[in-house]
Amino acid sequence: MARARAAAGLCARDPQPSEESCTQEDLLLAAAYVSDAEHNRNVRFETSPQTIRLYYFYNHWAMRAATNFFIFLDLSLALFEEPALFPLPFLATSIAEVLCLTAFFGRLVHFAKVTPQMVFWKDTKNICIMVTIVLTLIDLIIYGSLEAVSIHTVRWSRALRPVFLINFPQSRQVRIQIRRTFRSIRNTLPDILYVFLLFLFSMLIFSLMALKLFGDRGLRTAGGSPYFTDILEIAFELYVLVTTANSPDVMMPAYDFNWWYSLYFITYIIINTYIFMSVFLAVIYNNYRKHLKNEIRKLAYLKRHKMIQAFDILKVKVGSEFVVKEAEWKRLAKIVAPNISSSHLELLLKISDEGQKGHVDKTNFIRLADLLNIQVVTMDVKRHPLEAWMPQVYTSSLSLFIQKMVQHRIFVWIYDVIILINAVFIALDEKNALISYAEWLFLSLYITEILLKLYTYEPRAYFGRKQFWNWFDTLIIIAALVATVANATIQSASRRSSQQILDIVLVLRVLRLLRVIVSIERRRLLGLSSAAPLGVFKLPTFRFRVIVTTLINIGPTMLTFGGLVLVVYYTFAIIGMEMFHGKVQFFDSNFTTPGALVCGNPALKDTAFARDRYCKNNFNDLASSFIVLMELTVVNQWHIIAGGFALVTHQAAKLYFIAFHVVVVILIVNIFIAFILEAFFVAYSLEKSEVETAIEKKIQELGVGVKEEEVQDGALIDHVDTKDSGFSGGDGHSKRKGSKGLYFRIASKRYRTVDTLLQRMFESEIAPEDEGPSLDEILNFSPSDIYPRNPNFENST
């Protein structure tokens, strides 16, 4: 019955239905759609009651946590497998891997149960997971069988493990970003390929030219080798020159012979380094933006499509329009967000039910997913404990003067100056007695600052759940005090300092300088820039604060690229370990054996690799491999590393290092730069224009929100009170002094991601009555399709 009514799109046929007209199955189905819209999940699932419950279980946090645990375990097995950082028997690692594969298969079967069969088998992610599981099992059986008869072979399937990290459809920003970046790479490859082929053609022409110019002149390199006599060696050296890693070394033999030959290398660098590398960045950036906007458009329309489906399930007809009754809306919201407080729920209802008519229309219902994503902080303004214990003392003239002084901007300025002076003293000689005494003075000043703030501000608010910088500041000061006292005690007892404790003290002193970020944030909250003289402080502080705040806001989204780098590094590290492990050995400087001078391999004798002591740059375990790959990403001297491993294996090994450079430095790094540019442009533009969503403005219009700039100590009452104490709206322009009870403050700016910003900006361009195209059309959107309107993020960049 419930499924039939859901398919019909009506919760009840009665024009005046009872508040309990929708069944639990209807609400669960609608809540699943709303939850998908809230978390940007694009899953087409069956709508039967049993499947809906399976779908809820599939998205349960415990199931996601278990999947993440097994993915982490599967990836970490490379630390324990040969070549291992922490060796374990093959039986132990193979059992662990089979356990992981079983969990992955169970997760995949669970997903197959909730999606239509045609949808499941058309999804390439599912196919990739199944194929990877089968190939891994085959590789395990073959490898184990050969190991049983003492035949060593290659574990090639280990390089496929990141497939599980990429393809499991978890509603997590990191994996969404990884999948999007891989899609961007895949979609950009045709355009990149044309430029890359042209680049290779140019490099080949210059290689042939170099062979004819220098091959027959008998020139020698600094190491005594023939200069530019082999076409493949020339091509490799010129490719390295594009990265500037061997400049000017590669040019010097020809330059020493005749300075006119420098024109050849200058021309090559201009064409291939500055022109072609810039074209690579331009092509990648242009395609990344194009596909990013297409992804955002898909997300925006899919979210609206899900919300319309939920509305069609719960809607009833009141008068001439379809609406969702208030009681059904509340029940739906409680299912989607079971931990929401009643005061927060009432606030959202006031926003959705604009005319207080007892129902929510379609336009406002579609906003529910956005409402649930906006972080609305409930502030329970409490009295300071000292005000309750000693009211006369705490409210005395002297006490009020101290509180006013701590809250004043001059107090912030004073400690800014103290931080700068402290930075100067940190850079001076630690052995000077004056510096040692000054450290105690700075510690005393910082401790005094914390005590004054705890005296002025309510302690539970000062150390609230989201007061990261207050916790950081206090812990750093306490740790520095403890370490300094411990070092002074050891020094007085044994006449010498403990080097480890002294290192900790020095690090903590430097970390204290990060308090300048707290100062910048506090200036924003105190409205400092608006109160300062225009020509003296306002503009520089505003610009500096905007830049720092923008970098902080896009920081979490930038970190999602760490997942992409992990995937690429892991794959190349596994391949590198299989190819090069044991070929290069590291010996401590105390070793006097002949092998220590050539990194344990005679092929490296008299090479730059051994001469520069690169022996620790090897692929003998996962950690060492990651370090080598990081050095290759930085590019400098990468040709020496590549040449060393080519000497101990085969010259074809250079292709591994060239492939890594192409994939990581040319593709991944350029995509990362494109993302940073796009993210910074968007976040910086929004910060400058102070753009707020319509929902946030509505909260302010209702007078139930307290702006941070209007509450001087707003930074100190950040904690969320989840008690069901009833809805309490305060005057948004009232002062905290003398006011008690619940207030609401919008904190969504602190939780914004670039994806969310772009999505909201695109949604603002869609008319409220626009239901968008069909689901099949949405899923088949192409970047070349025409946008319904020109979105703002096109103009912002």
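At what angle do the axes of helix α13 (residues 326–336) and helix α14 (residues 342–352) cross? In this predicted model, the two axes cross at roughly 130 degrees and come within 11 Å. The protein has 37 helices and five strands, and buried residues make up 48% of its 797 residues. Among the contacts with a separation of 6 or more, 76% are between residues 24 or more positions apart.

- The crossing of α13 and α14 is right-handed.
- On the α13 side, the contact is made by Glu326, Trp329, Lys330, Ala333 and Lys334; on the α14 side, by Leu345, Glu346, Leu348, Leu349 and Ser352.
- Helix α28 (residues 561–580) and helix α31 (residues 622–634) have axes that come within 9 Å and cross at roughly 115 degrees.
- Helices α28 and α31 are therefore roughly perpendicular to each other, and their crossing is right-handed.
- Helix α28 contributes Leu566, Tyr569, Tyr570, Phe572, Ala573 and Met577 to this meeting, while α31 contributes Leu622, Ser625, Phe626, Leu629, Met630 and Thr633.

**Aromatic pairs and a cluster**

- A search of the whole structure finds 48 aromatic pairs.
- One of them joins phenylalanine 196 and phenylalanine 199, whose ring centres are 6.0 Å apart and whose planes stand at 40 degrees, so the pair is tilted.
- Both residues of this pair lie in helix α9 (residues 173–214), where they are three residues apart, about one turn of the helix.
- Phenylalanine 196 counts as buried, at 19% relative accessibility; the limit for a buried residue is under 20%.
- Phenylalanine 199 is also buried, with a relative accessible area of 0%.
- Phenylalanine 214 and phenylalanine 265 form a stacked pair, with 6.0 Å from centre to centre and 10 degrees between the planes.
- Phenylalanine 214 counts as buried at 0% relative accessibility, as does phenylalanine 265 at 1%.
- One aromatic cluster is formed by Tyr569, Phe572, Phe580, Phe609, Tyr614, Phe619, Phe626, Phe645, Tyr656, Phe657 and Phe660.
- Tyr569 and Phe572 of the cluster also take part in the meeting of α28 with α31, on the α28 side, and Phe626 of the cluster takes part on the α31 side.

**Charged groups over rings**

- Arginine 107 lies over the face of tyrosine 58, at 3.7 Å from the ring centre.
- Lysine 654 lies over the face of phenylalanine 236, at 4.3 Å from the ring centre.

- Helix α32 (residues 638–648) is largely enclosed by the rest of the structure, because 10 of its 11 residues are buried.
- The buried residues of α32 are Trp638, His639, Ile640, Ile641, Ala642, Gly643, Gly644, Phe645, Ala646 and Val648; Phe645 is also a member of the aromatic cluster.
- Tyrosine 33, found in helix α2 (residues 24–38), counts as buried at 8% relative accessibility.
- Tyrosine 33 touches Phe45, Thr47, Lys306, Gln309, Ala310 and Ile313, leaving aside residues up to four places away in sequence.
- Between tyrosine 33 and valine 336 there are 9.5 Å in space, C-alpha to C-alpha, although the two are 303 residues apart in sequence.

**Backbone features in loops**

- Glutamate 82 and proline 83 are joined by a cis peptide bond with omega of about -5 degrees; proline 83 is in the loop between α4 (61–76) and α5 (90–114).
- The peptide bond from serine 247 to proline 248 is cis as well, with omega near 5 degrees; proline 248 is in the loop between α10 (231–242) and α11 (252–257).
- Cysteine 599 has a positive phi of about 55 degrees although it is not a glycine.
- Cysteine 599 lies in the loop between α29 (594–597) and α30 (608–611) and is buried, with a relative accessible area of 0%.
- Arginine 613, another residue other than glycine, has a positive phi near 60 degrees.
- Arginine 613 is located in the loop between α30 and α31 and counts as partly exposed, at 40% relative accessibility.

Conventions: Residues numbered from 1 in each chain as written. Predicted model: local features only at pLDDT ≥ 70, side-chain atom pairs only at ≥ 80, totals over all residues. Heavy atoms only, no water. Phe/Tyr/Trp six-rings, centres within 6.5 Å; stacked < 30°, edge-to-face > 60°. Helix = DSSP H or I, 4+ residues; strand = E, 2+ residues; numbered from the N terminus. Buried < 20%, exposed > 50% of the residue type's maximum accessible area, 1.4 Å probe, protein only. Lys NZ or Arg CZ within 6 Å of the ring centre and 35° of its normal. Axes fitted to C-alpha atoms, helices over the stretch in contact; angles between N-to-C directions. Parallel < 35°, antiparallel > 145°, perpendicular 65-115°, else oblique. Left-handed = near helix turned anticlockwise from the far one by under 90°. Contact = heavy atoms within 4.5 Å.
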